[in-house]
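Please consult the sequence and the structure alongside the text.

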Amino acid sequence: MPDSATIPDFKWNGESPYLKNLSSRSRRHFRTDILPFEAYYDVEILNHISPKQKTMCYNLFQQVSAHNLGLNTFTYPIKFLENMSINPNWEFIMLTLKKEYSVTKKQSIVGVMFCYRNSGQTYVPAFIGMDYTYVQSHNVYRQLLYQTIKRAGALGMEHIDFGMTAAFEKKKLGAVITRKVAYMQAKDNFSMEVLEMMSNTL
């Protein structure tokens, strides 16, 4: 089971104080892999998305689902975006790539974080969508993580729950990693023993 990443006791007082709380190695990562790319994007925080934006966000979400083998989930219907858009606790952090940095020389949405604000002052970036044309070259994922941190700070949130997978990237931005372990109890122990015997013979 993938590890979980959170930033507990979160406080945002600006970029400089935030960086001081990171390790020297993480600060170096920030200055080379995140900060230079921030200018590539226009960042919007939306509470509601249009039908056109919904289709684009869903396409980006499906790209992540197809590539993220660390967390095997079922495919959500596009209806779940409609439900988010009408719920006041959900919001969308949208990254629009500026045309001068695009291979098509046109502006395009290349990243979106679907975030939930709960009553306990925890910010939850629950789902993500990305254009894999730019994930590596333009550091879309790292930029989404950083913009999520900035947004949580602007809202005065006290915790950020980053969830599972990509723990290494999240740790570099100050997240605390918690190991997750799952247990199961079988009603039919005989079946389990047979499966174990079969695996030992392969």
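What percentage of the 202 residues of the chain count as buried?

## Burial and surface

In this predicted model, 41% of the 202 residues count as buried. The chain exposes about 12000 Å², of which carbon and sulfur atoms supply 54%.

## Fold

Seven helices and seven strands make up the secondary structure of the chain. Read from the N terminus, their order is β-α-α-β-α-α-β-β-β-α-β-α-β-α. Among contacts with a separation of 6 or more, 72% join residues 24 or more positions apart.

## Nonpolar cores

The largest nonpolar core holds 35 residues, and M130, V140, I149 and F162 touch the most other members. Elements that each supply at least two residues of this core include the strands β1 (4-7), β3 (90-97), β4 (108-117), β5 (122-130) and β6 (159-164). The helices α1 (15-20) and α5 (140-154) likewise each supply at least two. The greatest contribution comes from α5, with seven residues. A second, separate core of 16 residues includes I49, F61, F92 and F114.

Leaving aside residues up to four places away in sequence, M130 touches L60, Q63, V64, V110, G111, V135, V140, Y141 and L144.

## Cysteines

The structure contains zero disulfides. C57 counts as buried because its relative accessibility is 0%, under the 20% cut-off. C115 also counts as buried, because its relative accessibility is 0%.

Key
Residues numbered from 1 in each chain as written. Predicted model: local features only at pLDDT ≥ 70, side-chain atom pairs only at ≥ 80, totals over all residues. Heavy atoms only, no water. Helix = DSSP H or I, 4+ residues; strand = E, 2+ residues; numbered from the N terminus. Buried < 20%, exposed > 50% of the residue type's maximum accessible area, 1.4 Å probe, protein only. Contact = heavy atoms within 4.5 Å. Areas by Shrake-Rupley, 256 points an atom, 1.4 Å probe, with all protein chains shown as cover. Disulfide = S-S within 2.5 Å. Core = buried A, V, L, I, M, F, W, Y, C linked by side-chain atoms within 4.5 Å.
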